[in-house]
Amino acid sequence: MATDRLGPDGTRRVTVSSRDSDLVEAACVLFAEVFPEDRRYIPYLRACTHGRHPSHPRTLDHVWLFQRADEWVGVAIFSHILTRSFGHGAYVGIVPHAQGRGLGKWILSEMLGQLDEDARQSGLSGSIGYLGEVERPMDAGTEEERILSERRLQFHRQCGGVILPVPFIEPVMIESVDYLTPRELEGESPRPMHLVFVPTERGAKIPNLDLVDFIHGIYLDVYRLSAQHEYVRRSLSYLLETK
Ligand SMILES: CC(C)(COP(=O)(O)OP(=O)(O)OC[C@H]1O[C@@H](n2cnc3c(N)ncnc32)[C@H](O)[C@@H]1OP(=O)(O)O)[C@@H](O)C(=O)NCCC(=O)NCCS
């Protein structure tokens, strides 16, 4: 078990590798608890524990678990995009009784540190941050959902995140993965989301963010859509129109 860093309340960060099946199972159980509506994406979590997975040719993936005393209290799944100077944050989830004590903020700063290290390993001078997809409160079906997505947005803002001024549709899944079939995701639909950029210190100093690079990175390199895909064209045409 690769254990490295300590955070708030002595919480331990543990790297989940596909080679440790007990840890992978613990991550799957916690993921299902924190994100019950996304249970069907557990094969994605498993794939990410490989670090480099053939279905994710342009990302280096990380899965972390967080342990307080003897209990697993959090999980994070994120990736460095090998072809870019930024990453993609897929999930950060903390069990309800451990929320609101600074753990989420610490996890995000640890993720930024890892992405910086990954970027350096790729020969860059560092990472500028990562992109995450956050539900738009305006799409919430109920008041409860609206409050939840407001909180998620607020959390990202408090961690330095900015909403990018570009329309974004989240695809149901990365294209052509070998561990999940479209049939297994039947009923899921693409969703409009806010694309939130959480910068590293270096990224926060960039005067003009390259939004086209962000769109290409997330759609072409993470989701593996073609450059002609309607989502890509829609986001890019919006950017060109508003220049
Ligand atoms: C969102 C989540 C990761 C935040 O983690 P957390 O440990 O509760 O957050 P922290 O205690 O580190 O708070 C960090 C900042 O966000 C703010 N924040 C945290 N929870 C908040 C809430 N419910 N409403 C408003 N602001 C909130 C805090 O005020 C804090 O800012 P501060 O340091 O200036 O006071 C956690 O609540 C969670 O796992 N929720 C369920 C899953 C989820 O929604 N994940 C995010 C989408 S992938």
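A residue is called buried here if 20 or more other C-beta atoms lie within 10 Å of its own, and exposed if 12 or fewer do. The legends below describe close-up views of a predicted model.

**Figure 1. Helix H1 and its buried face.** The buried residues of H1 are Leu23, Ala27, Leu30 and Phe31. Seen down the axis of H1, these buried residues fall within an arc of 105°, so they line one face of the helix. An α-helix has 3.6 residues a turn, so residues three or four places apart point the same way. The face of H1 turned away from the buried side carries the exposed residues Ser21, Asp22 and Glu25. On the buried side, the partners against which the residues of H1 pack are strand S2 (12-15), H2, S3, S4 and S5. The helix has 14 residues, and the distance from its first C-alpha to its last is 20 Å, close to the 20 Å expected at 1.5 Å a residue.

**Figure 2. Helix H3 and its surroundings.** After H3 comes glycine 123, which has a positive phi, near 90°.

**Figure 3. The largest nonpolar core, with leucine 65.** This core has 47 residues, and those with the most contacts inside it are Ala27 and Leu65. Helix H3 provides the largest share of the core, 8 residues. When neighbours within four places in sequence are left aside, leucine 65 is in contact with Val14, Val16, Leu23, Ala26, Ala27, Leu30, Trp72 and Val75. Among these contacts, Leu23, Ala27 and Leu30 also belong to the buried residues of H1.

**Figure 4. The shell around the ligand.** Of the 17 residues around the ligand, Ile94, Gln99, Gly104, Lys105 and Gln158 come nearest. The elements that give two or more residues to this shell are S5, H3 and H4. The greatest contribution is that of H4, with 5 residues. By class, the shell has 6 nonpolar, 7 polar and 4 charged residues. Helix H4 itself has 16 residues and reaches 22 Å from its first C-alpha to its last, close to the 22 Å expected at 1.5 Å a residue. Glycine 160, with a positive phi near 95°, follows H4.

Figure 5. Tyrosine 41 lies in the loop between helix H1 (21-34) and helix H2 (42-48). Because 22 other C-beta atoms lie within 10 Å of its own, tyrosine 41 is buried. Serine 55 is in the loop between H2 and S3. It counts as partly exposed because it has 18 C-beta neighbours inside 10 Å. Apart from its neighbours within four places in sequence, serine 55 is in contact with Ala47, Ile174, Val177, Asp178 and Tyr179. From C-alpha to C-alpha, serine 55 and arginine 39 are 19 Å apart in space, and they are 16 residues apart in sequence.

**Figure 6. Arginine 68 in strand S3.** Arginine 68 lies in strand S3. With 19 other C-beta atoms within 10 Å, arginine 68 is partly exposed. Residues up to four places away in sequence not being counted, arginine 68 touches Asp9, Gly10, Thr11, Val73 and Ala98. Arginine 68 and glycine 7 are 61 residues apart in sequence, and their C-alpha atoms are 9.4 Å apart in space.

**Figure 7. Two residues with positive phi.** Most residues other than glycine have a negative phi. Alanine 69 has a positive phi of about 50° although it is not a glycine. This alanine 69 is found in the loop between S3 and S4, and it counts as exposed because it has 9 C-beta neighbours inside 10 Å. Serine 176, also a residue other than glycine, has a positive phi near 55°. The loop that holds serine 176 runs between strand S8 (168-170) and S9. Serine 176 is exposed, with 7 other C-beta atoms within 10 Å.

Notes: Residues numbered from 1 in each chain as written. Predicted model: local features only at pLDDT ≥ 70, side-chain atom pairs only at ≥ 80, totals over all residues. Helix = DSSP H or I, 4+ residues; strand = E, 2+ residues; numbered from the N terminus. Near = placed C-beta within 6 Å. Nonpolar A, V, L, I, M, F, W, Y, C, P; charged D, E, K, R; others polar. Core = buried A, V, L, I, M, F, W, Y, C linked by C-beta atoms within 7 Å. Contact = placed C-beta atoms within 7 Å. Expected span 1.5 Å × (residues − 1). Arc of directions from axis to C-beta.
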